[in-house]
Amino acid sequence: MPKITYIEHQGKSHTIDVSNGLSVMEGAVQNNIPGIDADCGGSMACATCHVYVKEEWFNKLPKKEDGEEDMLDMAFEPKKNSRLSCQIMVTDDLDGLIVNLPEKQV
Amino acid sequence: MIKTDALIIGAGPTGLFTAHQLKLIGLNCEIVDNLDKIGGQCIELYPDKPIYDIPAVPECTGEELTKNLIKQLKPFDIRFHLSERVDEVKKDNDNWQVKTNKGTEFYTPNIIIAGGVGSFEPRKFSPKECEKFENKSIFYSIKDKTVFKGKTVSIFGGGDSALDWAIELSKDSKVNLIHRRDEFRGAQATVDKMNELVKSNKINLFTKYQLKSVSGKESLESIEIQHDNKETKNLKTDHVLGFFGLIMQLGPIANWGLNIDKKTITVDTEKFETNQKGIYAVGDICTYPGKLKLILSGFHEGALAARACFKLARPNEKYRFEFTTSSKSIKNRLGVKE
């Protein structure tokens, strides 16, 4: 199973196995990783599963769909490397992915 | 104080259908919602997005679903209290005393929380100092546009609200429009209009900038904005407006003595009652083994909670299950002529 690392804003790191086919958001929620709220449940309607992805990984991810960038306008402190974790689907190619969580989601 | 058989918190699809179920079995109800319109997440988050899993409705948008639910409530007289948030819930013998942030008070044996993920509140700027100027120089909605006349106003956001207000206020104010990227998600015609005003110097546009800090003593004096490439600019401004949409927050519900697990309320699956007698939770806000956050689940949960309300609202009557196809009393309530 691919390993995904979530790093909280204060630096605490959580590495967990996430099944292929789940989103990075679902991996966090199912494993009680603090810092990802996912209020809308993954329908790309709330921007509370916002993460930062370092450049080397950011460029490997499938491109953002229409609508994700619009939602990121509303996220807390969006940056160039911002993504909504509900839109990143876990596959073997993402084994080792590291995402950084923002200070807060709202 | 308004006496009612049941008070519904939340006017989303679940709250609306729960009201329908209450009225159908002869109970009255009132609905409170913090939004200024009916429809909850359906109307606020995805009015134009198609939904494909409402039973017997192959496809409809959030707005269409809301319209149809309102139409279904047409035979009934239901009072909505919009733009109000329930703040206090207190036990009084067999009833609950409820108070909203606008001071409306209810007295009821039954409270049904159909609050989705909580109440919608505006998303705010991240710099902490912004709180000090909130509702004085920094606003997240506009109630009276005349206060901006002749002033410098810095507007943040890339959607229709930000663009509409930038265009409107540019008539009588000096307007800075600041957005975190080059693209705007507002309607094309609005974006075109804004671009025209930028060309004719009626609006100063700053893209790829975000708010970094605000400064001022008593009142706001200036703001610092930062570009993606870290370069900063200082803008003198009297007012700042932020239009980043709404966010859902559980808010005061957390203080009512309910069992809450990860922002959801634990209920049983017979009455959808919480750990407090006479307080129910239905729709996205409730949780139980196997819970699905689907609109159709909310409808089922509301129907059962409504029956549970009957016992507390009419302790001396016996509830009789009836079908809408055959029941005379239900048809009377619906105003159907045979």
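Two strands pair if DSSP finds at least two bridges between them, and strands themselves are DSSP runs labelled E of at least two residues, while helices are H or I runs of at least four, all numbered from the N terminus. With that in hand, take β8 (residues 95-100) and β9 (residues 105-108) of chain B: they pair antiparallel over four bridges. Trp96(B), for one, has Thr108(B) in β9(B) as its bridge partner.

Okay, housekeeping. What you're looking at is a predicted model, where local features need pLDDT of at least 70, side-chain atom pairs count only at pLDDT 80 or more, and totals for chains, interfaces and linings use all residues. Residues are numbered from 1 along each chain as its sequence is written, with chains lettered from A and ligands numbered from 1 in the order in which they are written.

Back to that pair of strands. They sit in an open sheet of four strands, ordered β1-β9-β8-β7 in chain B, and the pairing is mixed. The edges are β1 (2-3) and β7 (86-92) of chain B, each pairing on one side only.

Let me zoom out to chain B as a whole. It has eight helices and 24 strands, and its C-alpha trace spans about 70 × 40 × 40 Å along the principal axes. Of the 338 residues in chain B, 41% are buried; buried here is 20 or more other C-beta atoms within 10 Å of a residue's own, exposed is 12 or fewer, and partly exposed is in between, with C-beta atoms placed from the backbone. Contacts are also defined by C-beta atoms placed from the backbone, which must lie within 7 Å. Among the contacts in chain B with a separation of 6 or more, 59% are between residues 24 or more positions apart.

Phe156(B) takes part in both: its bridge partner in β14(B) is Ile178(B), and in β19(B) the partner is Gly242(B).

Between β13(B) and β14(B) comes helix α5 (residues 160-169) of chain B, and the three make a right-handed β-α-β unit. Right-handed means that, with the strands pointing away from the viewer, the path from the first strand over the helix to the second runs clockwise. Which residues of α5(B) are buried? Ala162(B), Leu163(B), Trp165(B), Ala166(B) and Leu169(B). Those buried residues pack against β13, β14, α6 (188-199), β15 (203-207) and β19 of chain B.

Staying with chain B, have a look at Ile223(B), in strand β17 (residues 220-227). Why does Ile223(B) count as buried? Because it has 26 C-beta neighbours inside 10 Å. Leaving out residues up to four places away in sequence, Ile223(B) touches Ser154(B), Leu211(B), Val214(B), Leu235(B), Thr237(B) and Val240(B).

Next, a helix pair. The axes of α1 (residues 13-24) and α7 (residues 295-313) of chain B come within 8 Å and cross at roughly 35°; axes are lines fitted to C-alpha atoms, for helices over the stretch in contact, and angles run from 0 to 180 degrees between N-to-C directions. The crossing is right-handed, meaning the near helix is turned clockwise from the far one by less than a right angle. Among the residues α1(B) brings are Phe17(B) and Leu22(B), and α7(B) brings residues including Phe299(B) and Cys309(B). The contact divides into nine nonpolar, five polar and no charged residues. For the classes, Ala, Val, Leu, Ile, Met, Phe, Trp, Tyr, Cys and Pro are nonpolar, Asp, Glu, Lys and Arg are charged, and the others, Gly among them, are polar.

Over to chain A. Here there's an open sheet of five strands, β2-β1-β5-β3-β4, with mixed pairing. β2 (13-17) and β4 (82-84) of chain A have a single partner strand each, so one side of each is left without a neighbour in the sheet. The twist averages 35° from one strand to the next. Inside it, β3 (residues 50-53) and β5 (residues 97-100) of chain A run antiparallel, joined by two bridges, with Tyr52(A) opposite Asn100(A).

Last stop, where the chains meet: 13 residues from chain A and 15 residues from chain B. The chain A side divides into seven nonpolar, one polar and five charged.

Key: Contact = placed C-beta atoms within 7 Å.
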